[in-house]
Amino acid sequence: MNRQELIAQIQQKKSFLCIGLDIDLAKIPTHLLAEEDPIFEFNKQIIDATHHLAVSYKPNTAFYEAYGIKGWQALEKTIDYINTNYPELFTIADAKRGDIGNTSTMYAKAFLEDLNFDSVTVAPYMGSDSVEPFLAFENKNTILLALTSNKGGVDFQGLKTENEELYKKVLKTALTWKNSENLMFVVGATKAEYFEDIRKIVPNHFLLVPGVGAQGGNLHDVCKYGLTKDCGLLINSSRGIIYAGTNENFAQEAQKEALKLQQEMATILDSSW
Ligand SMILES: O=c1ccn([C@@H]2O[C@H](COP(=O)(O)O)[C@@H](O)[C@H]2O)c(=O)[nH]1
């Protein structure tokens, strides 16, 4: 999917919501455990109930890898289901990969080619040659960790190097890499006070913003400086939406939570566009 298609979808749905599919078998309704593939069945019902309110879905691969081969198969079925039934949706493999060049090429192939996600999250720690194999994929996005939502995110990302914080150095350096137009950046909603500075460095790139909902980040605080003329934001909520209900009505409960966020987003977009 290209940038214009993503922006068109945001405008049409008045939403920049990304729903996280972080499946924990201990948290899904117990009646689904009798299904042959409970993870896929859960995802399918969540996606069917919320696809008109969201522009993106983000399975975090940890929640699939943890269930071995069955988990990986559920991930494959989930991405195939989205690509077949809702091809307009922007898909993110939240895998946080990155390694020496030839290994990164294999990671990129696995997520962007074989599984056919639109994007994958990547850690910048190993530098340019660990990220450029991802950036080489046409019409795909590499979402680089910049300033993460967790408390310890600032342990390293906030360290000053050459008189500026490491996360700023990551943003500036990444812009010099080949195919940098294929970059997006992860910035946590819990770090809203940093968005003004971040937008000065990356005024046009999309930011994937996790941390709204269960982690306590606030949508309006993020939008104050994060929003651009093209929106420029994908706001992720995982647990806050998918585990809103615990019984047979779980998909409807998830839809209600997604609708609340979408309505807030529509108000924000209406007042800024
Ligand atoms: O800085 C980061 C980067 C990634 N994440 C991931 O996003 C979701 C958030 O889930 P919630 O349930 O909405 O808290 C999860 O997959 C994280 O691993 C993040 O939270 N922060």
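N116 is partly exposed, with 15 other C-beta atoms within 10 Å. The scale counts C-beta atoms placed from the backbone: 20 or more others within 10 Å is buried, 12 or fewer is exposed, and in between is partly exposed. N116 sits in the loop between α5 (101-114) and β4 (119-122). Its phi is positive, about 65°, although N116 is not a glycine. Most residues other than glycine have a negative phi.

N163 also is not a glycine and has a positive phi, about 70°. Its loop joins β6 (160-161) and β7 (164-165). N163 counts as exposed, with 6 C-beta neighbours inside 10 Å.

## Model and conventions

This is a predicted model: local features need pLDDT of at least 70, side-chain atom pairs count only at pLDDT 80 or more, and totals for chains, interfaces and linings use all residues. Residues are numbered from 1 along each chain as its sequence is written.

Helices (H or I, at least four residues) and strands (E, at least two) are DSSP runs, numbered from the N terminus.

## Helix α2 against α4

Helix α2 (residues 38-50) packs on helix α4 (residues 68-85) at about 25°, with axes 9 Å apart. Axes are lines fitted to C-alpha atoms, for helices over the stretch in contact; angles run from 0 to 180 degrees between N-to-C directions. The two helices are therefore roughly parallel. Angles under 35 degrees count as roughly parallel, over 145 as roughly antiparallel, 65 to 115 as roughly perpendicular and the rest as oblique.

On α2, the contact uses I39, F40, N43, K44 and I47; on α4, it uses G71, A74, K77, T78, Y81 and I82. Contact requires C-beta atoms, placed from the backbone, within 7 Å.

## Helix α2 against α12

α2 also packs on α12, at about 45° with axes 9 Å apart. That makes α2 oblique to α12. Q45, I46, A49 and T50 of α2 meet A251, Q252, A254, Q255 and A258 of α12.

## Helix α12 and its cover

α12 (residues 250-272) has 23 residues. Its first and last C-alpha atoms are 33 Å apart, close to the 33 Å expected at 1.5 Å a residue. The expected span is 1.5 Å times one less than the number of residues.

Buried residues of α12 are F250, A254, Q255, E257, A258, L261, Q262, M265 and I268. Their cover includes β1 (17-20), α2, α10 (219-226), β10 (233-237) and α11 (239-242).

Methods. Contact = placed C-beta atoms within 7 Å.
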